[in-house]
Amino acid sequence: MNFSHDAAWLEAAKKRFDFHGWSQGDDAGQQHTVRAFSLNIDSDSTGWAFEQRAVYGDSGYADYFHRLDDPSARAMVRVTEYDTRSAAETGLLETLSMSMAVTLPRLDAVRNALGDVAFGGHDELDQSVVFLRANIVVDVRSIGDKPISILDLAKRTDAQILTAESNA
Amino acid sequence: MLNDVENQTDSLPPGDPRTDRSYVALSLDSLSWAQTSSAAGSLFTGQVQLSVDAWIRFNGLPANAAAISQANVFSFGSQGPAVYFQFYGLPIVLSDLTQALLQDDHWHYICATFDGAMVRLYIDGQLNTGVSCMGQVSPNTNPVLIGQGVQGLVRRVRVYNVALPATDVLNNMYETPTAGTLAGDFDFSVNPPVDRGPSAFPLTLQNNAVPIKVSPAVSMGTTGFVRPMGEKAINPGGAQVDPYSVQAWVYLSSALNPLQAIFVNSDLTLDTGIALYVQFDPAASAYRLVSQRGSNGDSGQVLISSATIATGVWTNVATTFDGLNLSLYVNGAFDSTQSCPPIPLYSQTSDLLIGAAIVQGIPSGATTLQGFLREVDVWSRALSATEIVSFMTASPDVESPGLQAAYVFTNSPARNQANGHPIGLAEGAVLSGQLGPAPPTTDERQLEVAETVKSGFDEKLIAKIRSELDFSELHRSNSAAFDDAAASDIAAFDNPEDKRRISEAWKDARRKLVENPTALSMLTTYHKLNGEHVLIVHRPRGSYVAFRADASSIDDCTMWRVRLVFTLIAGTIDAFTGVGSTLGDKAIVFIGRILTVPAIAAQMANGARMTASSVFLFLGLLYTQGLLRPLILLLIDVGFWTLIRVVANLLLIAAGIGTVRIVSSLVATAVTFVTVYLQKPTSCDPLPTATLASISFDYDPTGVAVDALTIRRNFGTDISVPEWTPGRATPSDAPCAYAISSVATAIPNIQVAINIPSATTHTVKIQALGGGILGAIDPITVNFGSATSATVTLPLSHHTLAAGGVQFKDVTWTWQYQVDGGTWTNMASSSHRVYVILTTPTQPWQQGAGRGNQQLPWTDVLDFACAWAASATTTDQVASMITTKVNSGINLTYDLARGASFYTGPSAGINRFLCGLFVDFLRTGLGNGRTVNCTDCATIVTSFVNILGCNVCTSLMLNSADPSTGFTCNQILAIGNTTWAVPFPPPGGIGGFSYHEVAWTGATSYSDPLYDACLQYDSGTNPWGTGPHTAQLGVKIPFSALAPNPTPFPIPTPFTAVSYRERLAANTTLGIPRCIPVGQRPSTNSGRRPVV
């Protein structure tokens, strides 16, 4: 196998993360695409204080938050918007391929209704989630000195994408 | 919005007409005029003294136009570009066209005086010509006409019952004439116009004569636009998430174009930049304000106002972006907001346009603003709602934090008032002003009269000081200095007549100084009275206190320096406009800043040798530095109409050439300056006569010279060359970097620029003491030739850069100069951060691709890399020290949840190192946090060692037969962990890695040493067991000393080989045989991820 091309990595990632078993949505190809989605987490109701927004990749951004009651508990939400659902699936595969763990637990169908396709980590705290919703890939991670569950933040993000999708 | 009318607007209620900077004047076409009583012409007999003046603006200079006239009695006006005066039946007196010309679309103050024998004509306060005129004119009953034949504007026409002397003509330009001298004062700055003279003659407007309101502004015409020049750094939206604000005053006059641009940065169709424009909404039959980020297609973000923008009125519009939310404001009221993702594309430099949008790379006439713009302010931060209101009604100071640009179109020439950069008007854009009907004048405060300066000071004491002025002794004891200055001014002109004129001006000014100081046009004296600094300005018409403050608030020396600058500027303002100046606290602070500008400090060093030519040069320097206009605004306290006339006049002079007329007008100012200079306090250090202007380390962009490496601060900030200029006080402000491999065999050079105040025949040497590892600079003679600045290349002959291995040091040079072998005098101290690396940095870092290249070595990285590898002299040492630091010295920890990368990410098809975020983590503990995986560790090590001159890359090991399976591992110590464990153990994981990435040397194959900061392995004889373990970090260890498929297998213990793979991977068929080197990951720049 030639590892000098991305295709080999994507093929390996498809096998590692059971790509063929991914949900294709309710009506593959008919889903709405979301454009210029901008996450907006209200600190008063969520307890997450917004720090800053940074550019991530070609069509994404990373928002940084910390808990209002504990600034050492921080989180990062990477939102990457693709032109199509198919491109977003490839984007999710690329993200997953950078994981040194061979496999990751699925979250969408197992424990939580999150995204069309979602993966968590091997920890008990839910410090890390990456999911796909429509044409958007979201990667949420705990990045503070104090580890913290980011599941709530991920769900709020997913809910906002769903709202944007329904309005599209 | 800029703070040029602050003093006026602060005291006015919202909605006051003067807050929009408009003024009223009488609009005339060639067939209209104003008419008054024949009695207003009763003085024009040719037998009695009189004067007549007018403020007038022509829109097309006619062959003959009369500012004021009476048929068969007299006429005063213009003939083409000349001013004329004529008594009926006597010869016409025409102005000298070689001295001054009337210009279209410019306000001119014209004046004629008659003393019974001679008519003198003045243009803009300056005497133009004088011609004998003898005869008699019979009065008649024809009405006196004002503005007949004029196509343009008339603001004021006055008739005097005296022949005004030259000083009064200049004074009356802007200030109130002496009581009792006026016979008629026809004021068209109010609606309806009125005669404010003693007879209150009636005024009627004939035909199309009508009072109008003029709002100074730029008109784009049909297809014009405004292009800021030299403003590449003003780049709102360029960094995709950078905060900004744009606030503008706009007047839409037509709905011709559906989209009318106000301010754009980049092409509307590109995925970069921002724009603010109005767009027609057919549903509302009106325009709405639009703020755009990125393109106007699907990938961009557009916020449309709920409010509409009316045509035919001035509207204040603004947009702000705080990094997350884009907002709109209309007339100071918050309108709408939306959250926005980043602009898709980064743009390092701006592409600004005002009044039209860029479409497909060029300004588009189809988007030209059909109307006017008064001012556009650009900020590098999001203004608050309160600030939006504040800066709508009271302009921001040019020093306001975050104010990047204030494009002001209320006077000519238009400039960015925040930095002095010029603005280009193109394709028909003109500073014409917006004209509209004048509202009736109801508030007397709108009448512009010069304020009387009130200091609260004892007027008797001022009168006493005035009466006791005596500079005769000062002049006698310093006559040589005055002689030199005069001779220098005279020598500057070639024409004998010019020389004579300058000589006469000096003689006249010196005579007045000795015999009658108050006859000088302006003189300043300083007094310390009752614990106060008191600065008094003396003019022929009287004296006033220009400044008073508690003596303890400003030291004597500072006060003296402030006086020097004040004397120059106030004297110039007085010389050309007759307007008096005062000092305030803000002016003092501003002057203090001016004095730090090296070129200006050098001019001030003229001292007692100050000439009128030098005064003019000083003006020009202030102008080119963008300092003249704000300084004038701080020194004069007048109404807006007067203000813009004064500013425009002075800027025009400063931007022009020093004609004999201008230089001779400045002689008195030079004389006054010298008198102030000679009163230098004993506490004051002498002004330097040589100044260090700059130091350049990386002065040769071609790389031919032996100079410093080309470096930058970080991704978004480059390091300009020269690296050091005055004001860069800390070492990190003026950094440099050298490779030991380069400086060990050749002496590197630097370049320094030295300024002197005037050309000299004396020998000037410079040297630098100290310098740490850069070493002292030996004395060297600076050859200035006939110039006042010189750049010299200096060898670092005493450097010890190569002696300490990798390092960074903060060093300081004490720079000195020496004149003619005299004593060495300090002229500056410069501090520098010096980075020393092994050899030229390797990928991802680059050299020689232009200073804008973001892959140049970052000092943000060198700050850490040089410290982590301090004293290293070999690449092995560097790689080992940095690997060790990354593994156990900066608090990183492994991502046990996913093994995901936190500091790499894709962009434009390339996987990159999020280096800026990692530096942020190192500095603040924030960034993307302390969690990492192997890719992060390998990338950090690679980037940090390669910047020091090593050459490693990130490279992979995995199961090449089926990369989806991974390989199982032994118990290891993952970075940041203290417990030996297999990674991702069952049942969730396989007890190993899907892949592993390390910093690798050579061909990244079996025998090539690698560096792995991500984990420690067991270096004992049984690395596959469960303990006890002997921890060892993988530094300079070959991937494997065994064959790809070792035999026997499993490998027997004791295992003693120095071999990485066998100590990482399990000794089973799922481990070691599946751990195969496969080279660099694709799309990683061959394992050297570009930095962002």
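How many helices and strands are there in chain B? In this predicted model, in which local features need pLDDT of at least 70, side-chain atom pairs count only at pLDDT 80 or more and totals for chains, interfaces and linings use all residues, chain B holds 21 helices and 57 strands, where helices (H or I, at least four residues) and strands (E, at least two) are DSSP runs numbered from the N terminus. Residues are numbered from 1 along each chain as its sequence is written, chains are lettered from A and ligands numbered from 1 in the order in which they are written, and side-chain values use heavy atoms, with hydrogens and water left out.

Taken along the principal axes, the box filled by the C-alpha atoms of chain B spans roughly 135 × 80 × 50 Å. Of its 1092 residues, 59% count as buried, the classes being buried for under 20% relative accessible area, exposed for over 50% and partly exposed in between, with a 1.4 Å probe and protein chains only. Where contacts (heavy atoms within 4.5 Å) in chain B join residues at least 6 apart in sequence, 71% of them link residues at least 24 apart.

Chain A has four helices and six strands, arranged along the sequence in the pattern α-α-β-β-β-α-β-β-β-α. Buried residues account for 56% of the 168 residues in chain A, and the chain exposes about 6800 Å², with 48% of that area supplied by carbon and sulfur atoms. Among the contacts in chain A between residues at least 6 apart in sequence, 54% join residues at least 24 apart.

The contact between the two chains draws 52 residues from chain A and 62 residues from chain B. About 4200 Å² is buried between chain A and chain B, 58% of it on carbon and sulfur atoms; buried area here is the accessible area (1.4 Å probe) that two parts lose on being put together, summed over both. Two salt bridges are found across this interface, a salt bridge being a side-chain nitrogen of Lys or Arg within 4 Å of a carboxyl oxygen of Asp or Glu. A salt bridge joins the side chains of B:Arg898 and A:Asp139, with an N to O distance of 2.9 Å. The interface of chain A and chain B also has 24 residue pairs in polar contact, both residues at pLDDT 80 or more, where a polar contact is a pair of N or O atoms within 3.5 Å, one of which, within protein, must be able to donate a hydrogen and the other to accept it, and residues adjacent in sequence count only if both atoms are side-chain atoms. The elements that give two or more residues to the side of chain A that touches chain B include helix 1 (6-16), strand 3 (70-81), helix 3 (85-97) and strand 6 (136-142) of chain A. That side of chain A divides into 23 nonpolar, 15 polar and 14 charged residues, with Ala, Val, Leu, Ile, Met, Phe, Trp, Tyr, Cys and Pro counted as nonpolar, Asp, Glu, Lys and Arg as charged, and the others, Gly among them, as polar.

Over all chains, a search of the whole structure finds 40 salt bridges. Among them is the pair A:Asp158 and A:Arg133, whose side chains meet at 2.7 Å, N to O. A:Asp158 lies in helix 4 (residues 151-167) of chain A and A:Arg133 in strand 5, so the pair ties together parts that are 25 residues apart in sequence. A:Asp158 is buried at a relative accessible area of 4%, and A:Arg133 also counts as buried, at 11% relative accessibility.

In chain B, B:Lys512 forms a salt bridge with B:Asp508, the closest N and O atoms being 3.2 Å apart. Both B:Lys512 and B:Asp508 lie in helix 7 (residues 496-515) of chain B, four residues apart, or about one turn of the helix. B:Lys512 counts as partly exposed at 23% relative accessibility, as does B:Asp508 at 29%. In chain A, salt bridges that share partners join A:Arg85, A:Glu89, A:Asp116, A:Arg133 and A:Asp158 into one network.

B:Val674, in helix 15 (residues 667-677) of chain B, counts as buried at 0% relative accessibility.

Technical notes: Areas by Shrake-Rupley, 256 points an atom, 1.4 Å probe, with all protein chains shown as cover.
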